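Hi,

Here is the structure I promised to pass on.

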Amino acid sequence: MENIIEIMNVRKIYRTYQKKSGLKNIIKNIIYPDFKDFIAVDDMSFFIRKGDIVGYIGPNGAGKSTTIKMLTGILMPNSGMIKVFGKDPLEYRKENSKHIGVVFGQKSQLWWDIPAIESLELLKGIYKVPDCDFKDRVEKYADMLQVKEFLNLPVRQMSLGQRMKCDLIAALIHDPSILFLDEPTIGLDVATKDRLREFILELNRTKKVTVFLTTHDMQDVEKLCNRVILINHGRMLYDGDLESVKEKYIRYRNLKVVFNKTYSIDELKFLKDFQDLRIQNLDDKTMLIQYNYKLYSVTDIVSCLLKNTEVADFSIKDLEIEDVIKEVC
Amino acid sequence: MESIQLYFDLIKAGLKRFAEYRSSFIAGFFGLIMINGSSILLIWVMLKNFHTLNEWTFWQIVFNYCLFLSCLGFHNTFFRHISDLENHIVNGTFDRFLLRPVSPLLQLASEKISITDLCDFTTGMIGALFAAKMLHIQITVGFMLGFILSIINGVYVFTAILFSVSCISFWTMKSKSILYSTNEIQESVQHYPISIFNKAFKFIVTVLLPYGLVNYYPSLILLNKVNVHWVYVIMIALVDMIYGVIGAFLWRRGLKRYNGSGS
């Protein structure tokens, strides 16, 4: 299948000016500003095929949004090549924008104080969407996302979930082939997240929309993405399908144990029979045990603990994306 | 053509937005009438004692004042919010303009409309025409044509200055403070014929921040206070053009910079 997005050796540097305080430095700041170059994206290369749902994952400040901005024609890379639909997205910005839809979770694309439906109508004019297509799409998407009754509400009166759904409809009003989603599920409740995910999957199934999304939510990745790209400090760490990343990196689960009294790590030596197990002190009564869940079950560890120590409480949690990245590094 | 259609569609949305804040409109409306009424009253009180100000009579000054007011009103209605460019750049909402297949400038210009300021526009129009009548000026087709051209020129001058200064935000992130500092200058030009000020000030408001082109020079022509008109017409056209070129240049450079550095 054809590559819809191509990125080759892309590098993006931000120049930040450092202002010193003090009266003397005011003039100095203007004449010889101190600047520091910050590499936001470094030597990034990947290709995305039509119909993929790609999760672009990394901790805060890893360069995710910068990449999206470069792909959508807002920012120019310092070096390297970017092609979306075979063309430079910045040089062909207007043309490119007709075929992409973008949702920034943190910023609404809608007009703040007019009803959402009127925002959509304005976008209809901007993208020159025919009347019948417009009606069909609004009807269909609003139905799927269950926002019909909210469309007449000004955006400023909407809840975050309603706003996000309307933003999604707005990004899809011109039937784009690529959908860029920058943290689409941030701050939403579980039910709303589920509905959004189903919606995105349905869109991908029926319209073959390519989706490029960034997220901090492991569930988003698991339910949506058939491919993940892990990045940190602007560099790519991993590119492949989700199963292999899990196979490869998510071997561990976290077991948090609260004891009745203080134990040192040495006192937990009885756990040494379990291979591939890491113990970490969180505070004097709490310990974090990372265990390889493929080698043994949690009940073995817990029963062993109960036998030898005074356990007050314990909880198990999956690794977060941040943990996965730590593993990869 | 499509751009114009789109502009009006977007402006229509702005009107709806204004309907959401009706009481603020009414309050603003009365506020503007009070401000302008008291300003004219002040000039009247002053000229009651002096009769003329540097060979300008009361009604000539009213004409000068009202021409400025009417241009400012129209400018504020449709273009004042261009200075929001600063907020768009600081908040990163400028990105939104770049994600759509329409010129960012058109999107910026059509973002808002401030109906309240149309009150200034009409007050200025009526005031200026009334003053012209009091000055026994024949309201001919030629005069009206000149009057309308003056208003178009005035709106253009305001918008060109505002636009050029706003573009500075692409580099500094801040530009509104520069605009606020020009308020005093604007008021002086609005209230008095600039001939009463010294040469340096005259130069500033003729070339650097050409607010004088809005009312003073057109008034000279329209009220027949000078013999040779065409010199002034050419001067106005020239400064207008230069400012237009500067604005366009800053905008293009600013966009490039934004593409390079983001917000």
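A word on terms before the helices: axes are lines fitted to C-alpha atoms, for helices over the stretch in contact, and angles run from 0 to 180 degrees between N-to-C directions. Helices are DSSP runs (H or I, at least four residues), numbered from the N terminus. This is a predicted model, where local features need pLDDT of at least 70 and side-chain atom pairs count only at pLDDT 80 or more, while totals for chains, interfaces and linings use all residues. Residues are numbered from 1 along each chain as its sequence is written, and chains are lettered from A and ligands numbered from 1 in the order in which they are written.

Now to chain B. Helix α13 (residues 212–222) of chain B packs on helix α14 (residues 230–261) of chain B at an angle of about 160°, their axes 10 Å apart. That makes α13(B) and α14(B) roughly antiparallel (angles over 145 degrees count as such). On the α13(B) side the contact uses B:Leu213, B:Tyr217, B:Leu220 and B:Ile221, and on the α14(B) side B:Tyr232, B:Ile236 and B:Val239 (in contact means C-beta atoms, placed from the backbone, within 7 Å).

How enclosed is α13(B)? Largely, because 9 of its 11 residues are buried (20 or more other C-beta atoms within 10 Å of a residue's own, with C-beta atoms placed from the backbone). Among the buried ones are B:Gly212, B:Asn215 and B:Pro218. The buried residues of α13(B) pack against α3 (58–78), α8 (141–167), α11 (183–191), α12 (199–208) and α14 of chain B. Just after α13(B), B:Asn224 has a positive phi of about 55°.

As for α3(B), 20 of its 21 residues are buried.

Cheers

Definitions and conventions
Helices (H or I, at least four residues) and strands (E, at least two) are DSSP runs, numbered from the N terminus. Angles under 35 degrees count as roughly parallel, over 145 as roughly antiparallel, 65 to 115 as roughly perpendicular and the rest as oblique. Two residues are in contact if their C-beta atoms, placed from the backbone, lie within 7 Å. A residue is buried if 20 or more other C-beta atoms lie within 10 Å of its own, exposed if 12 or fewer, and partly exposed in between; C-beta atoms are placed from the backbone.
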